[in-house]
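Please take a moment with the sequence and the three-dimensional model below, and then follow the paragraphs that come after, which move from the overall fold to single residues.

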Amino acid sequence: MSRIDLHLHTTHSDGSLRPSEVLTLAKAAQVTALAITDHDITAGLPEALTTGEALGIEVIPGVEVSSFDGKSELHILGYCMNWQDPLFDSRLAALRASRHRRNPLIIERLRAAGLDVTYEEVRALAGTDSVGRPHIAQLLMNKRYVTSAKDAFDRYLAEGRPAYVARELPTPAEAIGWIREAKGVAVLAHPTWVKESGEGLKACVTALKEAGLGGIEVHYSTHTKAQTSSYLELGRQLNLLITGGSDFHGVTKPDIDVGRGRGDLKVNPQLLVPLKEAAARL
Ligand SMILES: [Zn+2]
Ligand SMILES: [Zn+2]
């Protein structure tokens, strides 16, 4: 039974496998089309496209842009955009630079809490320009200050914890605008991150649609059946494209598999048809 996976991370952001390794897993999972959606970076796309050609997997250019709406951090997936567009590229580079301003402040707070860590160690471990808190969590695990990535977030890194530092992020409308200007389709990732429900959620997603949002990620590894059907209903009401993906990261989210999420995820290849049609119209 073929399936697709439109949300995957690699070593170019906080995933643990290279694009070619993710595609090899995708092949084994009978994934026929996929999107590599690294955080704020498209550097993994050339390797993904080449490997996709060799393995017979369709690779959709993707990205996951971080944004903040004043209340929640929201992630906006971009699909089929002109990822080599210089303006788009420079906007992502500026966004990554904001991480390099924030990360040393997080390290300072960890050091103030008595932990022996440096930003040089984090950068060496990350090995990519898209350095984020998961890499810091990994360093804390390696140094045995915490037992897991979740433990690192719960004790130090999450909002409200001692080493939390807010980040300068674009608004969701700005992130959507960047993707649209690069002729891509913008999709709200894991809508459970919206800290609203019912009419509040609908109002939030309606506002995003007015800013150019084209779709909503309905099928997602951690969604319950009830969440999936309520996001599907919302997407239909607002005439949004329906997408789905695992949010595979490799070892940092060990319970999530490429194409299958926690085992029962199955994103229908038919969803790709309207997505590509929408991109072709931009
Ligand atoms: Zn995300
Ligand atoms: Zn993601």
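Two strands are said to pair if DSSP finds at least two bridges between them, and the helices (H or I, at least four residues) and strands (E, at least two) are themselves DSSP runs, numbered from the N terminus. This is a predicted model, in which local features need pLDDT of at least 70 and side-chain atom pairs count only at pLDDT 80 or more, while totals for chains, interfaces and linings use all residues. Residues are numbered from 1 along each chain as its sequence is written, and chains are lettered from A and ligands numbered from 1 in the order in which they are written.

The protein chain is divided into domain 1 (3-82 + 169-281) and domain 2 (92-157), with bounds that come from an automatic or database domain assignment. The C-alpha centres of domain 1 and domain 2 lie 25 Å apart, and the contact between the domains takes twelve residues from domain 1 and eleven residues from domain 2; here two residues are in contact if their C-beta atoms, placed from the backbone, lie within 7 Å.

Strands of a sheet pair through backbone hydrogen bonds, either parallel or antiparallel. Here β1 and β2 run parallel and are joined by four bridges, with D5 standing opposite L34 in β2. Strand β2 (residues 31-36) is likewise joined by four bridges to strand β3 (residues 58-68), and these two run parallel; A35 has I60 as its bridge partner in β3, and I36 stands opposite P61. In contrast, β3 and β4 pair in the antiparallel sense over seven bridges, and the bridge partner of E64 in β4 is L77. The hairpin of β3 and β4 has four residues between the strands, and in it G70 takes a positive phi near 95°.

How enclosed are these strands? A residue is buried if 20 or more other C-beta atoms, placed from the backbone, lie within 10 Å of its own, exposed if 12 or fewer do, and partly exposed in between. Five of the six residues of β2 are buried, so β2 is largely enclosed by the rest of the structure, and because nine of the eleven residues of β3 are buried, β3 is largely enclosed as well.

A nonpolar core is a set of buried Ala, Val, Leu, Ile, Met, Phe, Trp, Tyr and Cys residues joined through C-beta atoms within 7 Å. The largest such core has 53 residues, and those with the most contacts inside it are L34, I76, Y79, I179, V187, L188 and I216. Strand β2 gives the most to this core, with five residues. Leaving aside its neighbours within four places in sequence, L34 is in contact with I4, D5, L6, L8, A26, I57 and V59. A second, separate core of 17 residues includes I107, I136, A149 and F153.

Q138 lies in helix α5 (residues 133-142) and counts as buried, because 20 C-beta neighbours lie inside 10 Å. Apart from residues up to four places away in sequence, Q138 touches L125 and A149.

Most residues other than glycine have a negative phi, and most peptide bonds are trans. C80, although not a glycine, has a positive phi of about 65°; C80 sits in the loop between β4 (73-79) and α3 (86-112), and counts as buried with 20 C-beta neighbours inside 10 Å. N239, also not a glycine, has a positive phi of about 55° and is found in the loop between α9 and β7, where N239 counts as exposed with 8 C-beta neighbours inside 10 Å.
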